Amino acid sequence: MALNHIEISILSPEGLDEVRRFLFWTYCIIEQWEPPLGDPAGLRVDGDRLVDDRDHLCVHIVARVKGRLVGCIRITHPHNGVFETQLYDHTNCQHSYTRYVAEIARFSVIPSARKTTVGLQLLEAMFRWTTERGQLIFFATAEKGLMKYYKDIGFAPAAGFGPFNYHKEERQATVFSPRNLGHQRHILSGLQNRLISQVFSSSPLEIIDIDIEADIGYQNG
């Protein structure tokens with residue numbers, strides 16, 4: 001799918017290293033974040049890549065502009081019966097996660113694209129992919145900006161979950177989810193209407209504001 005020159009697609013397995021380098025750039029270089037030693041999910045820096053123990057098992061949805069990666073999001077299913085978030089969350093009852101089929105993570109967009117429809121298009125594609133397959137999803141985040149974003153599109157903190165410390169940090173993470181698949185379909189419909197409204201009310205050249213060369217330095221090195 002392409003709207004306003006933004007190409008959304010499912011990443012092929014051969015493209016995994018590109019996403020790993022993109023995440024290293026956005027998480028570790030732009031946001032100045034480092035995974036702690038001994039991370040439970042094996043999240044670690046490997047050269048110029050941010051990798052973990054299950055990224056090769058995930059469905060990665062990516063956004064491109066002029067062939068260059070500008071955003072990504074991934075869909076993760078339980079590995080050995082456990083979601084990634086469960087490796088960090090020792091506060092909530094572990095059985096609370098059994099109602100879910102997929103976990104959403106690594107939602108990242110380059111800074112100059114965050115005021116465009118890149119993030120919205122990634123979320124719409126992810127919701128469509130999971131909803132068509134009857135997969136109830138959840139997110140966990142400690143980022144206040146993402147919390148506000150999720151609430152704005154219709155999410156609420158998941159019932160029965162309290163906050164927990166993520167990545168051994170002092171910041172507390174919150175689990176967000178639809179109430180059920182019917183609610184998930186409702187959020188998807190709202191995302192699609194919002195996306196259509198934003199695309200037709202904005203300039204088709206909105207992407208000109210994305211400073212690809214400055215924001216995607218990892219592809220130039």
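A polar contact is a pair of N or O atoms within 3.5 Å; within protein, one must be able to donate a hydrogen and the other to accept it, and residues adjacent in sequence count only if both atoms are side-chain atoms. The model is predicted, so local features need pLDDT of at least 70 and side-chain atom pairs count only at pLDDT 80 or more, while totals for chains, interfaces and linings use all residues. Residues are numbered from 1 along each chain as its sequence is written, and side-chain values use heavy atoms, with hydrogens and water left out.

The side chains of Asn92 and Asp89 are joined by such a contact, of 2.7 Å. Is Asn92 buried or exposed? Asn92 is buried, at a relative accessible area of 7%; buried means under 20%, exposed over 50%, and partly exposed in between, with a 1.4 Å probe and protein chains only. Beyond residues up to four places away in sequence, Asn92 touches Tyr97, Gly160, Phe161, Gly162 and Phe164, where contact means heavy atoms within 4.5 Å.

Next, the largest nonpolar core has 46 residues. Such a core is a set of buried Ala, Val, Leu, Ile, Met, Phe, Trp, Tyr and Cys residues joined through side-chain atoms within 4.5 Å. Helix α2, residues 118-132, gives the most to this core, with 8 residues; helices are DSSP runs of H or I, at least four residues, and strands are runs of E, at least two, numbered from the N terminus. Of the 15 residues of α2, 13 are buried.
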